[in-house]
Amino acid sequence: MPPVTHRSSLKLAGTECSFETGRIARQASGAVVARCGDSVVLATVVGARAAAASAAFFPLTVEYRERLAAAGRIPGSYNRREGRITDHEVLVSRLIDRTLRSLFPDGYLAEVQVQVTVLSAAPGADLTTLATLAACAAMHVSPIPCAGPAAGMRIAVVAGNAVAFPTEEQRSRAELDLVVSAGPEGLVMVEGGAQEAAEEVCVAALEQAFEWLERMRRCIDELAQAAAVTKWPIAEPPAAPEVPAAFVERLGAALRANREKAARAAAYAEVRTAYIESVANRVEGSTPQDLARHAAALDAARHDFVREEIAAGRRPDGRSPTEIRPIWSEVGWLPRAHGSAIFTRGETQALVSLTLGTPEDALRIEDVGGRREERFILHYGFPPYSVGETRPLRGPGRREIGHGHLARRGLEPVLPDPQMFSYTLRIDSEISESNGSSSMATVCGASLALFQAGVPMQRATAGIAMGLIQHGDATVILSDIVGEEDHLGDMDLKVVGTEQGITALQLDNKIGGLRLETLRDALQQARIGRMHILAEMAKTIAAPAAEMPPLAPRVSRIAILPDSVGILVGPRGAQIKQIQAESGARITVDDHGTVLIYATEGVSADKARRLVQQAVGVLEAGKYYRGTVTGVKDFGVFVRVNEVSEGLVPNDQVGGKHDARPKEGDAVVVRVLGADERGRLRLSLRAAEGIEPGRIEY
């Protein structure tokens with residue numbers, strides 16, 4: 001007997017999508033198959049009924065994966081199967097995680113795992129929207145106590161018009177490209193990029209997205225009502241112990257007396273230790289669990305105290321709500337880097353280096369959309385010493401990948417056209433000190449390093465992190481938040497842009513919803529802060545350097561016939577490898593015959609140019625070349641100049657005495673006269689007599 005299946009669907013801006021539950025993955029707590037055209041995504045949710053005894057945080061795990069079979073492709077890996085999760089899959093997983101996380105009840109610690117798998121992918125389809133909607137629907141039809149329904153979607157603005165479910169082609173032309181999520185109480189998450197869009201344009205797009213999201217939420221709610229799933233009850237947590245007034249006062253005094261991060265942490269740790277010792281002495285037979293509850297109560301008291309202070313206009317480091325921390329920066333501090341910068345804002349510092357490479361250094365990516373290359377790479381690192389901690393040293397985590405992607409997205413719109421600036425750009429940002437906004441420090445440092453290297457960027461780019469405290473009747477928007485304000489606050493809004501407009505945006509709401517009016521005010525305040533930061537950066541370097549640093553590779557171009565590309569490359573690349581080895585330059589060539597020579601020294605570049613010209617037979621009229629006599633005839637002498645060029649020296653251009661005519665196999669120097677009426681190469685020995693060696697091309 002077939003299983004009972006429930007379905008709901010909607011048509012939004014001309015695109016129809018549907019959701020189904022009850023037929024696939026029936027052992028999961030919740031499972032939904034979402035369809036849009038030929039694209040199909042399966043989302044499953046599994047939750048534990050109770051938290052583990054050792055749980056100290058909410059263990060929500062989200063894994064989004066794209067199977068290449070979904071696009072009818074076989075992976076290019078050695079064993080022809082998908083490997084570790086890709087950066088793109090990590091980024092989509094983060095979008096789903098950030099959509100759902102804030103909708104769980106405070107203190108919920110039971111483990112929840114979300115898996116989203118692309119089963120069928122139409123070319124250029126918006127899989128991110130479908131995956132986010134599927135995950136939201138699966139969570140809502142499950143018994144897991146998550147507030148809902150939530151919904152998320154991508155919205156693009158193309159030629160001034162808002163587009164839902166945009167294709168890859170539409171996104172490539174978009175002035176604005178955002179992923180937006182909403183829950184029952186308003187906006188939950190925003191992330192995306194823009195072509196220097198005005199704040200008003202971003203808000204208008206969010207208003208349209210919110211209208212569409214409300215329709216999606218109703219569709220998902222219809223599915224849950226049809227499935228008639230009852231949410232698990234939430235056990236009331238035990239009443240928190242009351243912290244004595246004396247320790248609350250001591251806590252406040254310690255925090256007010258210390259403005260710097262390390263000093264505040266040390267002062268709070270001292271109060272915390274004293275409080276736990278007093279509890280252990282006062283309450284006989286206290287267990288470790290009892291002491292942990294009292295420690296949590298003091299943490300809650302600290303949370304309330306800091307929020308009350310900010311609501312009263314007193315930030316942890318003493319600044320006003322709109323004040324930016326002191327900024328200093330330096331460029332060119334690394335002698336061997338092609339570009340480098342230090343950017344420091346308060347207690348957050350980024351060490352940024354830029355490397356200029358050839359197109360062959362581009363990042364190669366394979367996914368359901370096919371294979372592609374990226375010529376702009378940004379890697380963000382967050383070592384434990386940056387926050388005074390020790391932890392295992394492993395590869396980049398999801399946080400590092402997400403922060404690096406945001407910084408890259410904010411810089412990309414102002415970079416030069418790769419066709420005009422023929423380099424692969426790799427930014428490496430190491431956070432050497434952190435107290436909030438490290439990804440935004442990366443943006444600022446990268447912009448400075450690019451300027452110092454002479455990369456012809458359109459404009460400088462800066463980033464700022466904004467926060468929000470809603471406490472009682474007070475709503476306070478904070479500019480340039482520190483880590484404590486991020487941890488204890490209600491919003492984390494990162495805005496990247498130039499003096500012209502926004503290039504990247506990321507919002508995480510921590511209280512289940514955010515009003516558009518509050519976001520509008522935050523964006524305007526962020527613009528003021530961004531202008532201040534750009535002005536401070538301009539004091540260090542205000543425009544791209546007129547010349548590239550000495551160690552940066554210079555690029556020169558040669559155009560050869562497309563038919564000669566194979567000759568230049570040679571069997572298995574032997575010819576071009578030999579030229580690179582002899583000249584010390586790096587050489588790339590495309591199928592159209594554009595040869596790019598990268599070298600840090602003029603001598604190396606000139607030698608590479610000569611060897612390339614020699615290999616493919618590029619000769620210039622009036623220039624002198626070495627050659628070998630290949631034949632002697634009554635009417636003249638044949639000379640081969642290189643592997644592909646052979647011409648005739650007529651008798652009147654041989655020169656010398658008749659009995660001194662060259663013999664076959666002789667090495668000679670000839671001058672190129674041009675070509676005859678049939679396009680054949682004409683050479684002269686007479687015109688090359690006595691020529692200085694320095695004037696010979698090769």
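This is a predicted model: local features need pLDDT of at least 70, side-chain atom pairs count only at pLDDT 80 or more; totals for chains, interfaces and linings use all residues.
Residues are numbered from 1 along each chain as its sequence is written, and side-chain values use heavy atoms, leaving out hydrogens and water.

**Two positive phi angles.** You will find A25 in the loop between β2 (15-21) and β3 (30-36). Helices (H or I, at least four residues) and strands (E, at least two) are DSSP runs, numbered from the N terminus. Next, jump to S437, another residue other than glycine with a positive phi, near 65°. S437 sits in the loop between β17 (424-433) and α9 (438-452), and counts as buried at 9% relative accessibility.

**A cis peptide.** Now select G148 and P149, which are joined by a cis peptide bond with omega about 5°. P149 belongs to the loop between α2 (127-140) and β7 (151-158).

**The sheet.** Colour the strands β8-β7-β9-β10-β21-β20-β18-β19 in that order: these 8 strands form an open sheet with antiparallel pairing. At its edges are β8 (161-164) and β19 (474-479), each pairing on one side only. Two strands pair if DSSP finds at least two bridges between them. Zoom in on β9 (residues 176-183) and β10 (residues 186-197), an antiparallel pair with 8 bridges. Here G183 has G186, in β10, as its bridge partner.

**Helices on the sheet.** Show α7 (residues 288-311), which lies across β18 (462-471) and β19 and runs at about 105° to β18. Contact means heavy atoms within 4.5 Å. Axes are lines fitted to C-alpha atoms, for helices over the stretch in contact, and angles run from 0 to 180 degrees between N-to-C directions.

**Last stop: cysteines.** How many disulfides are there? The count comes to 0, a disulfide being a pair of cysteine sulfur atoms within 2.5 Å. C136 is too far for a bond because its sulfur is 8.3 Å from the closest cysteine sulfur, in C146. C136 is also buried, at 3% relative accessibility.

Technical notes. Buried means under 20% relative accessible area, exposed over 50%, partly exposed in between (1.4 Å probe, protein chains only).
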